[in-house]
Amino acid sequence: MVYKAVIFDLDGTLVHTTQEYRSRTCGQTLATLGVKAKIEQIDKFWFGTDRDRIITETFGLNPKVFWRIFREYDNIESRKKFTKPYDDIDFIRELRAKGIKTGIVTGAPPNIATMEIELLGKQDFDAIVIAHTSNGKQPKPHPQGLVECLNLLDVNNNGAIYVGNGEEDIVTARNAGVLDILIDRGEFPFNDLNASLKINSLYDLRKVLSSV
């Protein structure tokens, strides 16, 4: 199979938000609501799928109440200081130099996604889709955002790869009929995730693209 496009998730895949920020922001939210949590529980929330369920079952809180407080602490000015692209992001340009199209499909809130994309360089991507309810789009793992990105790239689903760092990315790719690849950057245990392929760095895609 010759792949014509590689599409990426954003948070935890292309950009890194420090554990300090994750712990502080979520911790402040929980403290305001009278709840304490371990770092493992906070990371489960940050990296996990179906966050409303995690908020309900792990923190014992109403998701609507949690998100209202969380957004007060998780603002652009604060997050930008603790967010940076991963060191292997230059691989995106290598892909483009080989004639492979690149895209982003993220479920991050639009204001945060826009800030993170600016850190990466919007010009390095042929298509960007923010799959968020505020945009009128179904969030992941619904395939709407990924299908829209494929259409913008003018690539069939069997000619694309979706790289992400969580279960919702794996499911989104499969729902869209796209090859799913999990990137494990060592920030969260992925032992129970059954991805089609696993990598530890964007550079590992060289071998993937040459062998498939």
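Residues are numbered from 1 along each chain as its sequence is written, and side-chain values use heavy atoms, with hydrogens and water left out. Because the model is predicted, local features need pLDDT of at least 70 and side-chain atom pairs count only at pLDDT 80 or more, whereas totals for chains, interfaces and linings use all residues.

Helix H7 spans residues 110–120; helices (H or I, at least four residues) and strands (E, at least two) are DSSP runs, numbered from the N terminus. Within H7, Ile112, Ala113, Met115, Glu116, Ile117 and Leu120 are buried. Buried means under 20% relative accessible area, exposed over 50%, and partly exposed in between (1.4 Å probe, protein chains only). Gly121 follows H7 and has a positive phi, near 110 degrees.

A pair of aromatic rings is described by the distance of the centres and the angle of the planes. Rings of Phe, Tyr and Trp (its six-membered ring) pair if their centres lie within 6.5 Å; planes under 30 degrees apart count as stacked, over 60 as edge-to-face and the rest as tilted. The structure holds 12 aromatic pairs. In one of them, the ring centres of Phe66 and Trp67 are 5.6 Å apart and the planes stand at 85 degrees, so this pair is edge-to-face. Phe66 also pairs with Phe70: the centres are 5.7 Å apart and the planes are at 15 degrees, so these rings are stacked. Phe66 and Phe70 are 4 residues apart in helix H4 (residues 63–73), and about one helical turn therefore separates them. The relative accessibility of Phe66 is 0%, so Phe66 counts as buried; Trp67, at 19%, also counts as buried, as does Phe70, with a relative accessible area of 5%.

Side chains of opposite charge can pair when their charged atoms come close. A salt bridge is a side-chain nitrogen of Lys or Arg within 4 Å of a carboxyl oxygen of Asp or Glu, and a search of the whole structure finds 14 salt bridges. One of these joins the side chains of Glu116 and Arg79 (3.4 Å, N to O). Glu116 belongs to H7 and Arg79 to H5, so the pair ties together parts that are 37 residues apart in sequence. Glu116 is buried at 0% relative accessibility, and Arg79 is buried with a relative accessible area of 6%. Both take part in a network of salt bridges that also links Asp11 and Asp74.

Asp88 forms a salt bridge with Arg185, with the closest N and O atoms 3.1 Å apart. Asp88 lies in the loop between E3 and helix H6 (91–97), and Arg185 in the loop between strands E7 (179–183) and E8 (197–199), so the pair ties together parts that are 97 residues apart in sequence. Asp88 is buried, with a relative accessible area of 5%. The charged end of Arg185 also sits over the ring of Tyr86, 3.7 Å from its centre; this term requires NZ of Lys or CZ of Arg within 6 Å of the ring centre and within 35 degrees of the ring normal.
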